[in-house]
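Trainee: I would like to work through this model step by step. Where do we begin?

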Amino acid sequence: MNLMPKTELPLALTGRDVTAVLGPTNTGKTHLAIERLLAHRSGMIGLPLRLLAREVYNRVAERAGIANVALITGEEKISPPGARYSVCTVEAMPRQTDVDFVAIDEVQLANDLERGHIFTDRILHLRGRQETILLGAATMRGILEKLLPGISVVTRPRLSNLTYAGSKKITRLPPRTAIVAFAAEEVYSIAELIRRQNGGAAVVMGTLSPRTRNKQVELYQSGDVDYLVATDAIGMGLNLDVDHVAFAQDRKFDGYQFRDLSPTEIGQIAGRAGRHVRDGTFGVTGHVSGFSDTLIQRVESHAFDAVKILQWRSARFDYSSLDALKRSIDTPAPIEGLTRALPAVDQQALEYLARDPDIAPLANTSERVALLWDACALPDYRKIAPAQHADIIASVYTDLVEKGHVNENYMAEEVRRADSIDGDIDALSRRIAQIRTWTFVSHRPGWLADQAHWQEKTREIEDRLSDALHERLTKRFVDRRTSVLMRRLRENTMLEAEISPAGDVVVEGHHVGRLDGFRFTADAQDDGTDAKAIKAAAQKALAAEFENRAERFSASANGDFALASDGTLRWIGATIASIVSGEQPLKPRAVLLADEQLTGPARDKVAARVDRFLNHHIDTVLKPLVDLANADALVGITKGLAFQLVENFGVLQRRDVAEEVRGLDQDSRAALRRLGVRFGAYHVFLPALLKPAPAGLLTLLWALKEDAKDRPGYGDVVQVLSAGRTSVVTDASFDPAFYRLAGYRLLGRRAVRIDILERLADLIRPALAWKPGTGARPDGAYDGSRFLVIPAMMSILGATADDMEEILKNLGYRQEPVEAAIVAAKLAELEAANAATKPSNQVASSVPAAEPVGPGFVKPPVSEAVVAQPAEDTKPVSAPAPEEAAKPILLWRQVRFDNRNSRGNHEKRDNQRGQARNGQAEQRTARTDRPSTPTSERGERKEHFRGKGKAGGNERFKQDGAKHGGKAQVQHKVPAKRPEREERPVKIDMDSPFAKLLALKEQMKK
């Protein structure tokens, strides 16, 4: 029987003599197919799994005789001479056959991204001479009728009811339950939990060998264990006595991505519950939330979305060259309802080998190209990287081309590596996957010189590894003594138990666990002991120890306690309590994590000590915030501002409370400063909270209040603060509140620490306060109303020029692009004017201005020679390259936020400012046209007012003062509509840092 045809017949677009038997699980479809198979003189049935094929083979062989039945899979061939019936995996089925009957099971897998094209090929091409049956889900009806006109469709109802049972803890699941998970680690952890609680569980996963899976299924079917932990492998036709299916996971990795299970997949797996006429139930367990009502209704009624399209790949291969072969594989789907499949493992291997300089030259004839494609069919049982798998194929192919068969020494070495039963479950599973690769090689016709020897050798090793794996699984996940222990407990049989001073609990001479804090933990490593029975026996010795520990606990110092970032309270390393949200954010509650043995006065002592530590910890770490919350002396606006600070965990944006801040008098400001409040340019905040310990505690308290400990970013931003980062690129997935709680403000794509923003304000403030002609120009100053970004600003923020642009915009500054040449000329003019007003001995030592070199950034000052020149003779400074000349310089202006003004008013005001600047420029131009005053004359005028002119002025001031009651009166023109403001006495806040600075200056003068 040729299983690997090299040519393709035209698509069989007819359903004549084809019957589709469709319906949900437990409808007897597989049983019907076996009956129809045996009703013919010859036949073949294809099944989706090697394990299921072995099960059906045994059933058919039992009725027709072993001599009449063949088993054909990729790794196993039992082919008696003259066998009339063949049981195959779908991949091992030929595309042409000469038997009376053909059946293909689970045809809905034709929609599978990885294997679907193989099922589609068999559906379209493989036919029995007398009868063909397609078995599968009812979702396939529409697509089969579309692709195979004239097909006869028979629907079969489920023989039993399937209902939803809700959510249950794993330890409370009923016997005869299959628990479904998709990660090996999750399967193992669930099986271990069931072993400790209920005696054990069988394990069924796709990575196990068929022999191991058969033995694990037999362990469950025989009643030795009442629970089965499995992957979705149980959904593919395995007939098990399962009453309930519980989903411990509802997401899986499908080979391309992690995704949620589809309703069809859930229905396929849940349908394993209830066999024949016995009803079944399904539900969820573990961390899986309950299914929606819509999903439950669809699963119970077996109403799923119809399959619209099938995966397809051409089987008409062109072996004339490697390129021709690849083109033929990529042939588009010929008809509607089919789609070209994604590259499978064999195609990926071919693509890799076609680029291999050692392999490509060998495939120089059509026969060798066909041989390479045949070698690429080697399955990747180990699930290794495509390149590694292709290297194995390359070694096999090279031997086949150069020697006619795989090198015996190479084969022996690879088999020897897998021939060891040492190691744990994962190690044995890897060796089984490795030996399955060479078992497949041994069954390829003509690949080995002594094919029979290697078939026997690899089968022997695989069986030995499978038996060892079954033994490890049973030893790890099955406890045959548990039922005895629980029976003795129910009979109230006394078990001797004692506890050591170190907390080790011993039952009848065996170490069974530890008492950590006030909770007993059974020893998971204790072989043959169930945790529930051990705990019940050990509790008899714990009562006195709980009393003693409670006394020691209540007398412990605060240094013996630690509050973790997850809200867990530990006492000398032992978990004691968990912190939860209280009525107020600063007053959380503690929930004791203690066994029921801790009761009465002992429990009250422990709870009281926990509360005392928690209050002390919050009062110490968050002292400024607690003091602010308890500041009863504050009244009015001051009290309201303090309340807002407490509610916002110590940080307010100043623009949000601008009215309240303006309403504070000096006494109120002083009171708040004494409580640690700082009035910054952008924020009103408590600087003492901008440290890792307070920030971490604030984050925890807020997360407890908002139930946000599971949100992305929890704890991560505090780690950034601990690292001393002044700013950081934000993570869009993080909750923005975590940045605020850690003392950062989100400004564009960066988050900047708020105290660093105040340092930025200290650099910007003098740049905006400076006016031309009032003294030396501060760094970054331009014209008194706009400023430039300087390196110092970017340095303290750790930001780039682009970052600074976003930061300043978000802080309320508006950018004005100006040509670089204009800015450079303006700066040179300002520096020249400043130099001209200084004595000659100061010009050489004056600090030249910084020069802008790009958008929003300036570079070090221009040369002293340029600064010393008069303004009208100043040449362009550092002429930029042509590409740089086109880049404008960003000047920044502060925007006054006023909630009463609309955007239109802002624009109007900006236009007015622009007109005013133009008018000032015209006035400067007019003044420039006037005859210039000689320098000597200007000096004389200055001396006049500085020297005797000053004296004369003082005398005149005194005379005017005498006329007006001893005070000089200065006349000003006051607009008619603007009343004079009455001057109020200024109260000096002695706690203000400015007052302290003034006092220091006075002392220095003395």
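Mentor: Begin with a definition: a residue is buried when its relative accessible area is under 20%, and exposed when that area is over 50%. Keep in mind that this is a predicted model.

Trainee: Which residues of α19 are buried?

Mentor: Helix α19 covers residues 600-621. Apply the cut-off of under 20% relative accessible area. The buried residues in α19 are A602, V606, R609, V610, F613, L614 and I618.

Trainee: Within what arc do the buried residues of α19 fall, seen down its axis?

Mentor: An α-helix has 3.6 residues a turn, so residues three or four places apart point the same way. The buried residues of α19 line one face of the helix, because seen down the axis they fall within an arc of 160 degrees.

Trainee: Which residues are exposed on the other side of α19?

Mentor: Exposed needs a relative accessible area over 50%. On the other side of α19, the residues that are exposed are P601 and D604.

Trainee: Which strands does α19 lie across?

Mentor: Look at the open sheet of four strands, with antiparallel pairing. Its edge strands, β23 (561-563) and β26 (587-592), each pair on one side only. Helix α19 runs at about 145 degrees to β26. The strands it lies across are β23, β24, β25 and β26.

Trainee: Are the rings of F518 and F546 stacked or edge-to-face?

Mentor: Planes over 60 degrees apart count as edge-to-face. The ring centres of F518 and F546 are 6.1 Å apart, and their planes stand at 90 degrees, so the pair is edge-to-face.

Trainee: How many residues apart are F518 and F546?

Mentor: F518 sits in the loop between β21 and β22. F546 belongs to helix α18. The pair links distant parts of the chain, and the separation is 28 residues.

Trainee: Which helices hold W702 and F738?

Mentor: The W702 and F738 rings also make a pair, with centres 5.6 Å apart and planes at 85 degrees. This pair ties together parts that are 36 residues apart in sequence. W702 lies in helix α24, and F738 lies in helix α26.

Technical notes:
Residues numbered from 1 in each chain as written. Predicted model: local features only at pLDDT ≥ 70, side-chain atom pairs only at ≥ 80, totals over all residues. Heavy atoms only, no water. Pairing = 2+ DSSP bridges. Helix = DSSP H or I, 4+ residues; strand = E, 2+ residues; numbered from the N terminus. Contact = heavy atoms within 4.5 Å. Axes fitted to C-alpha atoms, helices over the stretch in contact; angles between N-to-C directions. Buried < 20%, exposed > 50% of the residue type's maximum accessible area, 1.4 Å probe, protein only. Arc of directions from axis to C-beta. Phe/Tyr/Trp six-rings, centres within 6.5 Å; stacked < 30°, edge-to-face > 60°.
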